[in-house]
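Me: Hi! I'm new to this one and would like a friendly walk through it. Could you take my questions one at a time?

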Amino acid sequence: MRIFALAAALILPVAALAASGNDWNPPKPSETTKTCKGKRVWDEEKKRCVRPRKSSLNQEGLLDAARELAYAGRQEDAQAVLSAMADQEDSMVLTYWGFTHRKLGNQELAQAFYDQALAQDPDNILARSYMGQGFVEQGKYGAALAQWKEIRARGGDGSWAEASLRSALETGTSYSY
């Protein structure tokens, strides 16, 4: 039955990945990735690169910087930004901890962070998508398909989270953002 469900999921068309919203596009390079080296972020108020804890960035700004650094392949730098965030129990912070650990090859630790993110917010479809993409990377297609179904059941049909996991199921390739 699982194989039939997986086959059905794989033949569904992937929504166009160009178009609406930042969720559909990789993060745009900012001064953080263009200018700053190591575990530093661009501080617009100070007009220079600073340590994340010394920056004037708010939680959203720090999360954006972590996402940008992770997309650029700078996982350790992204983790330095994440560690500077005040609310370490925030579902999105936990999601990006999981993402960066997955990209570093720490699958078990990534899974623990995804589990914590989902304990905080079971409707966090981004955590479900990244976790599912990790399952695809491990060849655990049944577990990935289960997350894809959860995303759809939680109102994520047509979202970037749903489409990217569906694409990973179809192609075996995951996303870096």
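Reply: Happy to; here is a chat that goes from the whole chain down to single residues.

Me: What kind of model is this, and how are residues numbered?
Reply: This is a predicted model, in which local features need pLDDT of at least 70 and side-chain atom pairs count only at pLDDT 80 or more, while totals for chains, interfaces and linings use all residues. Residues are numbered from 1 along each chain as its sequence is written, and side-chain values use heavy atoms, with hydrogens and water left out.

Me: Switching topic: how many salt bridges does the structure hold?
Reply: It holds nine. A salt bridge here is a side-chain nitrogen of Lys or Arg within 4 Å of a carboxyl oxygen of Asp or Glu. In one of them, Lys 39 pairs with Asp 77, with the closest N and O atoms 3.7 Å apart. That pair links distant parts of the chain, 38 residues apart: Lys 39 sits in the loop between helix H2 (31-34) and strand E1 (41-43), and Asp 77 in helix H4.

Me: Is Asp 77 buried or exposed?
Reply: Asp 77 is buried, because its relative accessible area is 10%.

Me: Which residues is Asp 77 in contact with, leaving aside neighbours within four places in sequence?
Reply: Gly 38, Lys 39 and Leu 69. Contact means heavy atoms within 4.5 Å.

Me: What about the salt bridge of Arg 166 and Glu 162?
Reply: Their side chains meet at 2.7 Å, N to O. The two are four residues apart in helix H9, so about one helical turn separates them. Arg 166 counts as buried because its relative accessibility is 6%, and Glu 162 is buried too, at 0%.

Me: What does Glu 162 touch, not counting residues up to four places away in sequence?
Reply: Glu 162 touches Trp 148, Ile 151, Arg 152, Gly 156 and Asp 157.

Me: OK, last topic: which residues gather in a patch of positive charge on the surface?
Reply: Lys 46, Arg 48, Arg 51 and Lys 54 do. Patches are made of residues with over 30% relative accessible area and no salt bridge, with like charges joined within 9 Å and nonpolar side chains (Val, Leu, Ile, Met, Phe, Trp, Tyr) within 5 Å. Lys and Arg count as positive and Asp and Glu as negative, while His and the chain ends are not counted. A charge is placed at NZ of Lys, CZ of Arg, CG of Asp or CD of Glu.

Me: Where is Arg 51?
Reply: Arg 51 lies in the loop between strand E2 (48-50) and helix H3 (59-71). With 48% relative accessibility, Arg 51 counts as partly exposed.

Note on methods:
Areas by Shrake-Rupley, 256 points an atom, 1.4 Å probe, with all protein chains shown as cover. Buried < 20%, exposed > 50% of the residue type's maximum accessible area, 1.4 Å probe, protein only.
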